[in-house]
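Please look over the structure shown below together with its sequence. The report that follows takes up the helices and then the sheets.

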Amino acid sequence: MGVNERTKNVGCHCLARSRLPLMRSPQLQAHIYILAAVATVLSAVCVRAQNVQPAGATNHIVVIRQVHFNPPQMTVKAGETVEWKNEDIFSHTVTADDGSFDSGLIDPDNSWQRTFQQAGTVGYHCRPHPNMRAALVVQGTNGTGAAANAASRGGTLKWSPPTKAQELHPILVNFTAALLPLAFLSDVLGRIFRRQSFHHTAWWMVLYAAVITPFTAAAGWWWRLTEGSTLPAKLITVHEWLGTTAVLLFVVLAIWRWSIHKRDTSPNWAYLTFALIVVLALVYQGSLGGRMVFGK
Ligand SMILES: [Cu+2]
């Protein structure tokens with residue numbers, strides 16, 4: 001960083017204090033470009049992660065072992081048969097999330113087969129172990145062009161608007177999970193680099209988190225009320241009450257952060273400590289959610 005750059009930064013600091021329109025600050029614009037670049041990279045990574053195909057899924061056998069379906073996603077053609085082999089020490093079921101099929105209990109060392117005619121993606125789970133989840137992609141036989149290409153990459157590119165709690169809750173969770181840690185980080189950076197723009201960013205992120213989180217919690221409760229009996233009892237009990245507490249904590253945090261913003265000062269250590277505790281609670285909350293959906 002040269003002398004010019006330093007001078008420019010000091011200048012910006014003064015501009016921010018004199019409350020010029022936000023977009024005038026080249027520094028803020030630079031922050032926006034960086035955030036946009038990070039968001040682009042992250043979304044690209046997410047799209048790739050969702051379309052990962054298990055290698056060698058050609059023989060249409062799903063092995064059940066250590067309370068997991070392996071592979072967790074399989075692609076077959078319409079008319080083909082899939083066999084589930086239970087090589088575990090527990091009995092399991094292969095139950096479609098949409099209710100279109102159910103194997104009944106498959107005892108250890110037994111297997112179950114089904115032939116799939118209908119093209120589409122169907123998620124399935126095990127009834128005694130709802131965190132055992134997997135998906136089957138059935139490709140249509142007459143697919144051509146873009147549709148066939150999409151199907152050969154896993155068939156998950158066809159997008160339909162989320163309508164169920166199980167779809168909405170994980171989407172909304174992302175906003176809360178991203179906003180709050182970034183707000184905390186932004187305030188810490190603001191203190192380190194003595195830039196009000198970081199503190200302004202933090203205030204807005206806390207506000208957005210406080211506004212979005214009640215919807216996240218509502219989608220969570222909706223999920224719990226419609227499918228509560230299939231969720232692990234201990235985990236969901238902690239998750240639901242911690243989630244509801246988080247909504248209230250966010251409101252307290254937003255009001256506290258607003259009072260700091262109104263005085264145009266940096267947050268003190270009491271606020272930052274409280275914010276850190278809320279962030280840690282949120283990380284734990286996310287880990288509980290992850291365990292219910294992905295197992296372990
Ligand atoms: Cu099971």
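## Helix 6 against helix 7

Helix 6 (residues 233-262) packs against helix 7 at an angle of about 150°, and the axes of the two helices are 10 Å apart. The model described here is a predicted one. Angles over 145 degrees count as roughly antiparallel, and helix 6 and helix 7 are therefore roughly antiparallel to each other. Their crossing is left-handed.

On the side of helix 6, the residues that make this contact include Leu 235, Ile 236, Val 238, His 239, Leu 242 and Gly 243, and also Ala 246, Leu 249, Leu 253, Trp 256 and Ile 260. Helix 7 contributes residues that include Tyr 271, Phe 274, Ala 275, Val 278, Ala 281 and Leu 282, together with Gln 285, Leu 288, Gly 289, Arg 291 and Met 292.

## Helix 5 against helix 6

Helix 6 also packs with helix 5, here at an angle of about 160° and with the axes 9 Å apart. That angle makes helix 5 roughly antiparallel to helix 6, and helix 5 passes helix 6 in a left-handed crossing.

Just after helix 4, Arg 194 takes a positive phi of about 55°.

Which residues of helix 4 are buried? They are His 169, Leu 172, Val 173, Thr 176, Leu 179, Leu 180, Ala 183, Phe 184, Ser 186 and Asp 187. Among the elements that cover these buried residues are helix 5 (196-227) and helix 7 (269-294).

## The sheet with order 3-8-7-5

Four strands form an open sheet in the order 3-8-7-5, and the pairing within this sheet is mixed. Strand 3 (73-77) and strand 5 (95-96) stand at its edges, and each has a single partner strand, so one side of each is left without a neighbour in the sheet.

Strand 7 (residues 120-125) and strand 8 (residues 133-139) run antiparallel and are joined by six bridges. Within this pair, His 125 stands opposite Arg 133 of strand 8, while the bridge partner of Gly 123 in strand 8 is Ala 135. Strand 7 is also joined to strand 5, by two bridges and again in the antiparallel sense, and there Ala 96 has Tyr 124 of strand 7 as its bridge partner.

## The sheet with order 2-1-4-6

Another open sheet of four strands has the order 2-1-4-6, likewise with mixed pairing. Its edges are strand 2 (68-70) and strand 6 (111-116), each of which has a single partner strand, so that one side of each is left without a neighbour in the sheet. On average, and with direction ignored, neighbouring strands of this sheet are turned by 20° against each other.

Strand 1 (residues 61-65) pairs with strand 4 (residues 80-86) in the parallel sense over four bridges. In this pairing, Ile 61 stands opposite Glu 83 of strand 4.

## The chain as a whole

Taken over the protein chain, the secondary structure comes to seven helices and eight strands. Of the 296 residues in the chain, 24% are buried. Among the contacts between residues at least 6 apart in sequence, 59% join residues that are at least 24 apart.

Terms used: Residues numbered from 1 in each chain as written. Predicted model: local features only at pLDDT ≥ 70, side-chain atom pairs only at ≥ 80, totals over all residues. Buried ≥ 20, exposed ≤ 12 C-beta atoms within 10 Å, placed from the backbone. Contact = placed C-beta atoms within 7 Å. Pairing = 2+ DSSP bridges. Axes fitted to C-alpha atoms, helices over the stretch in contact; angles between N-to-C directions. Parallel < 35°, antiparallel > 145°, perpendicular 65-115°, else oblique. Left-handed = near helix turned anticlockwise from the far one by under 90°.
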